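Thanks for coming. I will talk about a few backbone details; please look at the structure first.

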Amino acid sequence: MKMTKVVPFAMSALLLGGAIGAPTASANEGEPTVINAETSVQQVQPIFIKVTGTVENVEVRENATYYTVVDGDNTNIVIANKDSLVFDNMGKEAKLQKGNKVSAYSYAKKPMLAIYPPQYNPEVIIVETEEMSSVEVDFFNKDLVDTENNLKLNVGEDTKLASATGKDVKVDDLKEQHLVVFYTIATMSIPAQTPPSKVIVLDTIEKEEPVEVDPAPIPEPAPVDSAVQEIINKDFYEVDGTKMVPLRLIAEKLGFKVEVTPKGAIVSKGALSYTITRGQKEYGYNKALRQFKVAPALLESGKTYVPVEFVEELTK
């Protein structure tokens, strides 16, 4: 991986307010923005899915290594190969091993297998150490500000620049790109400003160009089976204005097979497969990833409830 340094800058101008301490690293979120009319709280879709935990098992296969990452009740599989980007939180290349505390960042729009436990092939894996350094993986705009206006990059002469593909990188190459940012200090301003120690351009992620399409009429929702409608009318509750309905009763009534998993269920019929995880808004649809408005939940009756909009998905 090639590294370059860039033009010096005035550190005193950077640290406006001068406060030391970096905001907590996270998988930031980006467009589209959804505003809940009842709460006026902005909900945004994640650009990167962040998986954290401790590596508890390592399985070496022919072309990749599968790491079982556990965080409390959450278990995920992180897949890495010889080309995977693995660094510690200081930006040094690292080697994954059992017992490591890790954070894995996967591009949210990348297809994902509908399988339990979830499997991720992340763009970058960070091995967390005791060193006081933070990492942010996000999309940065032309002003080098992340999607939530939390962090602005002030690149200096000591900032190491690199790309996932090994290309030479200049400061202008960082604009409007998905970046991995390593930093130790930041101001208390909004957004916080930091002189990053290292920045990696994730140029393996293709930019999405806007596509102009002719407006098409919105199709009418498919009629709901009367027996299914009866279940909805009798067995539901509401969360933030979203009606939650029993998954198994409705799915089986629509001819789907429901396989219970420790944290949810796999709903399938023919070539269709949905992987539902309780407490998690994201759900698997064949090899893609979609998102509920409200996370599925398990009630005391032992039934998993999902947003009623999922019924329309099953009846398409």
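P117 sits in the loop that runs between β7 (101-107) and β8 (119-120). Strands here are DSSP runs of E with at least two residues, and helices are runs of H or I with at least four residues, numbered from the N terminus.

A word on what you are looking at. This is a predicted model, in which local features need pLDDT of at least 70, side-chain atom pairs count only at pLDDT 80 or more, and totals for chains, interfaces and linings use all residues. Residues are numbered from 1 along each chain as its sequence is written, and side-chain values use heavy atoms, with hydrogens and water left out.

Next, P191. P191 belongs to the loop between β13 (177-183) and β14 (192-194). I190 and P191 are joined by a cis peptide bond, with omega about -5°.

Now to phi. Which residues have a positive phi without being glycine? One is L144, at about 60°, and another is N149, with phi near 60°. L144 lies in the loop between β10 (134-140) and β11 (151-153), and N149 is in the loop between β10 and β11 as well.

Are these residues buried or exposed? L144 is buried, at a relative accessible area of 7%, while N149 is partly exposed, at 38%. Buried means under 20% relative accessible area, exposed means over 50%, and partly exposed is in between, using a 1.4 Å probe and protein chains only.

Why point these out? Most residues other than glycine have a negative phi, and most peptide bonds are trans.
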